Amino acid sequence: MNLERFDLIVKIRIFVSAIVFAIFIGVGFHAAIVGWLSDNPTPAVVLLVIAFLACPRRVLPKNWEAQTEEDRQLREERKYQERRLQKVRLFYFFVAFFLLALLPFFLGEPVFRMT
């Protein structure tokens, strides 16, 4: 796969992931405030899973080899971008934990019903 096509796919996946994650945040806040999150968290969880799976894991094709000095510089730049993507996935986790567990708890909803 050539690098231009791979970059386009990565950009599309980042865009889709960001849009779905924004929808997840809206649905999660609405569900926590209205109170239906503890009864049926499925829509919020499905949006979170889609956003997480749409987020790309790497920024270079799997079998891409650096052949010139420019390619080596590109690899170093892409390592920085890959670390940023890892931070984004960690951000997704913390926001999801806040929306799905902490916010309902702070609003008085039971997070886990033991009955």
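This is a predicted model: local features need pLDDT of at least 70, side-chain atom pairs count only at pLDDT 80 or more; totals for chains, interfaces and linings use all residues.
**Entry 1: α2 and α3**

Next I looked up who makes the contact. From α2 I listed A44, V45, L48, A51 and F52. From α3 I listed R89, Y92, A96 and L100. I sorted these residues by class and got 8 nonpolar, no polar and 1 charged.

**Entry 2: α1 and α2**

I moved on to helix α1, residues 3-34, and helix α2, residues 42-54. They pack at an angle of about 160°, and their axes are 8 Å apart. That angle makes α1 roughly antiparallel to α2. I also checked the handedness: α1 passes α2 in a left-handed crossing.

Which residues of α1 meet α2? I found R13, V16, S17, V20, F21, I23, F24 and V27 on the α1 side. On the α2 side I found A44, L47, L48, I50, A51, L53 and A54. By class, this contact has 13 nonpolar, 1 polar and 1 charged residues.

**Entry 3: α1 and α3**

The remaining pair on my list was α1 with α3. Here the packing angle is about 15°, and the axes are 11 Å apart. An angle under 35° counts as roughly parallel, so α1 is roughly parallel to α3. The crossing of α1 and α3 is left-handed.

I wrote down the contact in two parts. α1 gives L3, D7, I14, S17, A18, F21, F24, I25, G28, F29 and A32. α3 gives L74, R78, L85, F91, Y92, V95, A96, F98, L99, L100, L103 and P104. The classes come to 19 nonpolar, 2 polar and 2 charged residues.

**Entry 4: the nonpolar core**

Then I looked for the nonpolar core. In soluble globular proteins, nonpolar side chains tend to be buried together. In this model the largest nonpolar core has 18 residues. Those with the most contacts inside it are F21, F24, L37, L48, A51, Y92 and L99.

Which helices supply this core with at least two residues each? I found that α1, α2 and α3 (69-106) each do. The largest share, 6 residues, comes from α3.

L99 touches F24, I25, G28, F29, L37 and P104, leaving out residues up to four places away in sequence.

**Entry 5: Y92**

Y92 lies in helix α3. Is Y92 buried or exposed? I read a relative accessibility of 7%. Buried means under 20%, so Y92 counts as buried.

I listed the neighbours of Y92, again without residues up to four places away in sequence. Y92 touches S17, A18, F21, L48, A51, F52 and C55. I checked one of these by C-alpha distance. Y92 and A51 are 41 residues apart along the chain, and their C-alpha atoms are separated by 8.6 Å.

**Entry 6: S17**

S17 is found in helix α1. Its relative accessible area is 1%, and S17 is therefore buried. Apart from residues up to four places away in sequence, S17 touches A51, A54, C55 and Y92.

**Entry 7: P104**

P104 is found in helix α3. At 4% relative accessibility, P104 is another residue I marked as buried. How far is P104 from A32 in sequence and in space? I got 72 residues in sequence. From C-alpha to C-alpha, I got 5.4 Å in space.

**Entry 8: I19**

I finished with I19, whose place is in helix α1. Its relative accessibility is 41%. I19 and L100 are 81 residues apart along the chain, and their C-alpha atoms are separated by 19 Å.

Technical notes. Residues are numbered from 1 along each chain as its sequence is written. Side-chain values use heavy atoms; hydrogens and water are left out. Axes are lines fitted to C-alpha atoms, for helices over the stretch in contact, and angles run from 0 to 180 degrees between N-to-C directions. Helices (H or I, at least four residues) and strands (E, at least two) are DSSP runs, numbered from the N terminus. Angles under 35 degrees count as roughly parallel, over 145 as roughly antiparallel, 65 to 115 as roughly perpendicular and the rest as oblique. A crossing is left-handed if the near helix is turned anticlockwise from the far one by less than a right angle, and right-handed if clockwise. Contact means heavy atoms within 4.5 Å. Ala, Val, Leu, Ile, Met, Phe, Trp, Tyr, Cys and Pro count as nonpolar, Asp, Glu, Lys and Arg as charged, and the others, Gly among them, as polar. A nonpolar core is a set of buried Ala, Val, Leu, Ile, Met, Phe, Trp, Tyr and Cys residues joined through side-chain atoms within 4.5 Å. Buried means under 20% relative accessible area, exposed over 50%, partly exposed in between (1.4 Å probe, protein chains only).
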